Amino acid sequence: MAENEVSSRGPAAGGSGDSSGPKITRLIKLSAILGILLILILLGAALAAALTAPETWAPLIRIFRDVFLLILILESVLVIAAIAILMLQTAGFLIMLKTEVKPILDNARETTRLSKATAQFINSNAVDPLIQIKSFLSGLLAFLRELIRIRNLVDPEEPLTEQQDEPQTS
């Protein structure tokens with residue numbers, strides 16, 4: 001029972017689950033915020049330097065510009081590589097669908113066709129004859145019942161006497 005309680009609490013409630021997920025997410029968010037702040041501070045410093053003394057800060061601003069251009073070029077190369085990997089993964093997924101899922105679906109269709117044929121076979125060879133026999137026997141029973149009623153009307157049995165109607169007392 002204690003095992004169920006620990007696993008039902010989960011990592012957020014202090015359970016013994018995989019607690020690396022929230023820590024990694026928090027680390028990624030913190031890194032992104034710090035990177036954005038660093039870029040904003042550098043851009044603000046470059047703008048302030050350009051407005052105050054452009055002649056002295058121009059070579060340093062060119063260096064920062066060149067570094068940012070290199071970073072953007074590398075980033076675009078990474079984005080293109082990620083898109084290429086995504087396309088390859090999509091192609092692999094489509095190939096898997098064609099080679100693995102399609103035969104499963106074909107097998108399911110064949111099974112459905114066979115079960116339909118089996119149901120039709122059972123219906124025509126077992127159920128229909130049983131229904132015909134039961135209906136014939138029901139009709140025969142109704143005919144015999146009516147025949148007995150007609151016989152009773154034509155040849156009534158002995159009328160009941162009053163002695164037979166009264167219950168016998170001991």
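Since the model is predicted, local features need pLDDT of at least 70 and side-chain atom pairs count only at pLDDT 80 or more, while totals for chains, interfaces and linings use all residues. Residues are numbered from 1 along each chain as its sequence is written, and side-chain values use heavy atoms, with hydrogens and water left out.

So, the overall picture. Reading from the N terminus, you get α-α-α-α.

How much of the chain is buried? Of its 170 residues, buried ones make up 2%. Buried here means under 20% relative accessible area, exposed is over 50%, and partly exposed is in between, with a 1.4 Å probe and protein chains only. The accessible surface of the chain comes to about 15,500 Å², and 70% of that belongs to carbon and sulfur atoms. Those areas are Shrake-Rupley with a 1.4 Å probe, and for residues only the protein chains shown count as cover.

Now the charges. Side chains of opposite charge can pair when their charged atoms come close. How many salt bridges does a search of the whole structure find? It's 4, where a salt bridge is a side-chain nitrogen of Lys or Arg within 4 Å of a carboxyl oxygen of Asp or Glu. Let me walk you through some of them.

Take arginine 113 and glutamate 110: their side chains meet at 2.6 Å, N to O.

Next, glutamate 146 and arginine 149, bridged at 3.1 Å, N to O. Again we're in helix H3, and because these two are 3 residues apart, the separation is about one helical turn. Glutamate 146 has a relative accessible area of 39%, which counts as partly exposed; arginine 149 is partly exposed at 49%.

And then arginine 65 with aspartate 66, where the salt bridge comes in at 3.5 Å, N to O. Arginine 65 is partly exposed at 47%, and aspartate 66 is partly exposed at 38%.

That's my bit, thanks.

Notes. Helix = DSSP H or I, 4+ residues; strand = E, 2+ residues; numbered from the N terminus.
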